[in-house]
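Work through the following exercises with the sequence and the coordinates open. Each task is followed by a solution in steps.

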Amino acid sequence: MKVTVSRKGHFNAAHRLYRKDWSDEKNQEVFDKCSNPNFHGHNYEIIVSVTGEIDKETGYVIDIKTLKDIIKEEVEDAFDHKNLNLEVKEFKNLNPTAENISIVIYNKIKPRIKPDLDLEITLYETPRNFVSYSGN
Ligand code: NI
């Protein structure tokens, strides 16, 4: 019997969708307003879901306090009130789309949980636009 445990997190961050190897015109054409050279912000919401067998002793899949601390350290402390393009090393050469942000978050959190647990990241860039990544 596998159970999924989820915890929500939140961060505000600025970004710009932009490829250094493209001209300004091409960036503008592909990314439109999202490529505004002066950046723009989002209120990102994340849902981190961990799926696995229930530990017989504790009755937990994962201690939710542990998950809360991991999200704070790996996501909120790292990204909140930051300019993702300029201040977060993972996006130095990676376009900070919601897709890529979800993969970066997955790769930061996965090593912090037991290897037999499955992980899924759902990232909301706006209340209506969201992406999911589960390592595939
Ligand atoms: Ni944006």
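**Exercise 1.** Is Pro-96 buried or exposed?

Solution. The model is a predicted one. Step 1: locate the residue; Pro-96 sits in the loop between α3 (84–87) and α4 (98–109). Step 2: take its relative accessible area, which is 1%. Step 3: apply the cut-off, under 20% for buried. Pro-96 is therefore buried.

Step 1: list the neighbours, leaving out residues up to four places away in sequence. Pro-96 then touches His-15, Arg-16, Leu-17, Leu-84, Asn-85, Phe-91 and Ile-101. For one of these, Asn-85, the C-alpha to C-alpha distance to Pro-96 is 6.9 Å, with eleven residues of separation in sequence.

**Exercise 2.** Identify the protein donors of the nickel ion and their spacing along the chain.

Solution. Step 1: search around the metal for donor atoms. The NE2 atoms of His-15, His-40 and His-42 lie 2.0 to 2.1 Å from the nickel ion. Step 2: write the spacing of these donors, which is H-x24-H-x1-H. His-15 belongs to strand β1 (residues 2–15) and His-42 to strand β2 (residues 40–53), so the pair, 27 residues apart, links distant parts of the chain. Step 4: check accessibility. His-15 has a relative accessible area of 1% and is buried; His-42, at 16%, also counts as buried.

**Exercise 3.** Describe how β4 and β5 are joined, and assign the side chains of β5 to faces.

Solution. Step 1: count the bridges. Strand β4 (residues 118–124) and β5 run antiparallel, with four bridges between them. Step 3: find a facing pair; Tyr-124 is opposite Phe-130 of β5. Step 4: sort the side chains of β5 (residues 130–133).

**Exercise 4.** Which phi values do Asp-32 and Phe-39 have?

Solution. Step 1: recall the background. Most residues other than glycine have a negative phi. Step 2: read the angles. Phi is positive at about 55° for Asp-32 and positive at about 70° for Phe-39, and neither residue is a glycine. Step 3: locate them. Asp-32 is in the loop between α1 (24–31) and β2, and Phe-39 is in the loop between α1 and β2 as well. Asp-32 is partly exposed at 44%, and Phe-39 is partly exposed at 22%.

Key
Residues numbered from 1 in each chain as written. Predicted model: local features only at pLDDT ≥ 70, side-chain atom pairs only at ≥ 80, totals over all residues. Heavy atoms only, no water. Buried < 20%, exposed > 50% of the residue type's maximum accessible area, 1.4 Å probe, protein only. Helix = DSSP H or I, 4+ residues; strand = E, 2+ residues; numbered from the N terminus. Pairing = 2+ DSSP bridges. Donors = N, O, S within 2.8 Å, 3.2 Å for Na, K, Ca; no water. Contact = heavy atoms within 4.5 Å.
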